[in-house]
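Subject: Structure handover

Hi,

Here is the structure I promised you. Please open it alongside this email, and my notes follow below.

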Amino acid sequence: MSKAIPEVILSCGNDILAMPVIGMGTAYPAADPETDKAAVLEAIKAGYRHFDTALVYGSEKYLGQAISDAVSLGLIKSRSEVFITTKLFASCAEKDLVVPALNMSLRNLQLEYVDMYIIHWPFKFGGEVKSMPVAKEMVLPLDLKSVWGGMEECKRLGLARGIGVSNFTCNMLQDLLSIAKIPPVLNQLEMSPAWQTKKLNDFCKAKGIHITAYSPLGGANSRVGDDRVLCSNILEDIAKAKGKTTAQVSLRWVYEQGVSMVTKSNNKERMKQNADIFDWSLTDEELEKISHFPQRKAVTFASIVGPHDLIVEIDAQL
């Protein structure tokens with residue numbers, strides 16, 4: 001039997017959420033949905049209970065079907081055994097579109113609620129996006145007060161048990177906290193030994209906002225990352241000394257920052273390896289070495305959306 005992945009307890013309004021600290025990501029799905037659905041089922045067999053998706057990923061439908069199949073197959077007893085996160089896309093980041101967007105995601109997922117609903121990007125698109133990068137006039141500031149009001153409505157309606165944000169800077173979080181009736185419980189952001197975000201981590205901890213790290217291996221094998229983490233001599237030396245993989249050392253480092261994380265692999269053995277990081281720890285000397293890891297800039301929005309003025313301003317704060 002697979003080892004249980006530890007949980008972090010989060011409080012959002014009247015809800016207490018137990019979120020597994022490792023989730024399986026579903027960004028960049030394969031061409032064949034059956035392949036991705038099979039990977040989710042394998043992840044459930046390996047002990048994963050937290051799954052991260054988004055409307056823009058195009059993965060909600062196969063994830064929902066996989067959860068339904070897992071119940072039918074007896075891999076889990078009910079939907080309540082899994083923790084599902086999805087995200088509000090920038091084209092729907094207007095108050096009157098937030099609830100309809102979540103309802104669309106719920107239909108895709110075949111669920112009555114999600115455990116976590118987060119604002120995907122800290123800006124909005126002024127229309128339907130068919131390709132990237134987008135035209136300059138499409139990228140607009142987020143009306144944070146009205147959009148967050150829509151997120152709070154999702155919470156009040158019972159469509160989302162928890163609400164949060166993604167890719168928000170310290171300044172954006174401070175602005176949100178000043179107007180929120182229900183504070184964000186989570187900020188999902190890029191973090192790895194190559195991008196350590198200490199200032200933002202410290203700010204979130206001080207404000208009681210939990211961090212979920214995406215790209216904890218540096219985004220290797222994705223279209224927006226690189227292999228500097230997995231090919232690091234620093235991490236490789238630590239891994240050899242401990243009889244672990246370089247990936248496991250990176251994931252353990254992320255975990256020891258007091259955050260949760262989202263990983264992505266369709267390989268059964270790597271799924272198991274990624275979750276096998278809880279019965280050992282890094283020494284103070286090893287942590288010190290990793291603290292001096294050469295830092296790169298995070299994957300900027302400009303590289304995805306386009307180098308528009310608003311995007312450049314946001315990137316500068318990451």
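Start with Val 98, which lies in helix H3 (residues 95-109). Helices here are DSSP runs of H or I with at least four residues, strands are E runs of at least two, and both are numbered from the N terminus. Val 98 counts as buried because its relative accessibility is 0%. Buried means under 20% relative accessible area, exposed means over 50%, and partly exposed is in between, with a 1.4 Å probe and protein chains only. Setting aside neighbours within four places in sequence, Val 98 contacts Leu 88, Cys 92, Tyr 117, Val 147, Gly 150, Met 151 and Cys 154. Contact means heavy atoms within 4.5 Å. Tyr 255 is 157 residues from Val 98 in sequence and 32 Å from it in space, C-alpha to C-alpha.

Two notes on the source. This is a predicted model, where local features need pLDDT of at least 70 and side-chain atom pairs count only at pLDDT 80 or more, while totals for chains, interfaces and linings use all residues. Residues are numbered from 1 along each chain as its sequence is written, and side-chain values use heavy atoms, with hydrogens and water left out.

The barrel

Eight strands close into a barrel, in the order S3-S4-S5-S6-S9-S10-S11-S12, and the pairing is parallel. Two strands pair if DSSP finds at least two bridges between them. From one strand to the next, the twist averages 30°. Angles run from 0 to 180 degrees between N-to-C directions, and axes are lines fitted to C-alpha atoms, for helices over the stretch in contact. As background, strands of a sheet pair through backbone hydrogen bonds, either parallel or antiparallel.

Now the pairs I looked at. Strand S10 (residues 186-190) and S11 run parallel and are joined by five bridges. Leu 189 has Ala 213 of S11 as its bridge partner. S11 (residues 210-214) is mostly covered, with four of its five residues buried.

S11 also pairs with S12, in the parallel sense, over two bridges. Here the partner of Ala 213 is Met 261 in S12. Strand S3 (residues 22-25) and strand S12 (residues 260-263) are joined by three bridges and run parallel. Ile 22 stands opposite Met 261, and Met 24 has Thr 263 as its bridge partner.

S12 is covered on both faces. Ser 260 and Val 262 on one side are buried, and so are Met 261 and Thr 263 on the other.

The helices

Helix H4 (residues 144-156) lies across strands S5 (83-88), S6 (114-119) and S9 (160-166). H4 runs at about 155° to S9.

The axes of H4 and helix H5 (residues 170-179) come within 10 Å and cross at roughly 65°. This crossing is right-handed. A crossing is right-handed if the near helix is turned clockwise from the far one by less than a right angle, and left-handed if anticlockwise. Leu 144, Lys 145 and Trp 148 of H4 meet Met 172, Asp 175, Leu 176 and Ile 179 of H5. By class, this contact has five nonpolar, no polar and two charged residues. Ala, Val, Leu, Ile, Met, Phe, Trp, Tyr, Cys and Pro count as nonpolar, Asp, Glu, Lys and Arg as charged, and the others, Gly among them, as polar.

Helix H7 (residues 233-242) and helix H10 (residues 284-291) also have axes that come within 10 Å, and they cross at roughly 160°. That makes H7 roughly antiparallel to H10, a label for angles over 145 degrees. Their crossing is left-handed. H7 brings Ile 234, Leu 235, Ile 238 and Lys 242 to the contact, and H10 brings Glu 286, Lys 289 and Ile 290.

Single residues

Asn 274 is found in helix H9 (residues 268-275). At 6% relative accessibility, Asn 274 is buried. Beyond four places in sequence, Asn 274 touches Ile 22, Tyr 48, Leu 251, Thr 263 and Ser 265.

Most residues other than glycine have a negative phi. Gln 110, not a glycine, has a positive phi of about 60°. Gln 110 is in the loop between H3 and S6, and counts as partly exposed at 47% relative accessibility. Asn 167, also not a glycine, has a positive phi of about 65°. Asn 167 is in the loop between S9 and H5, and counts as buried at 6%.

Best wishes

Key
Angles under 35 degrees count as roughly parallel, over 145 as roughly antiparallel, 65 to 115 as roughly perpendicular and the rest as oblique.
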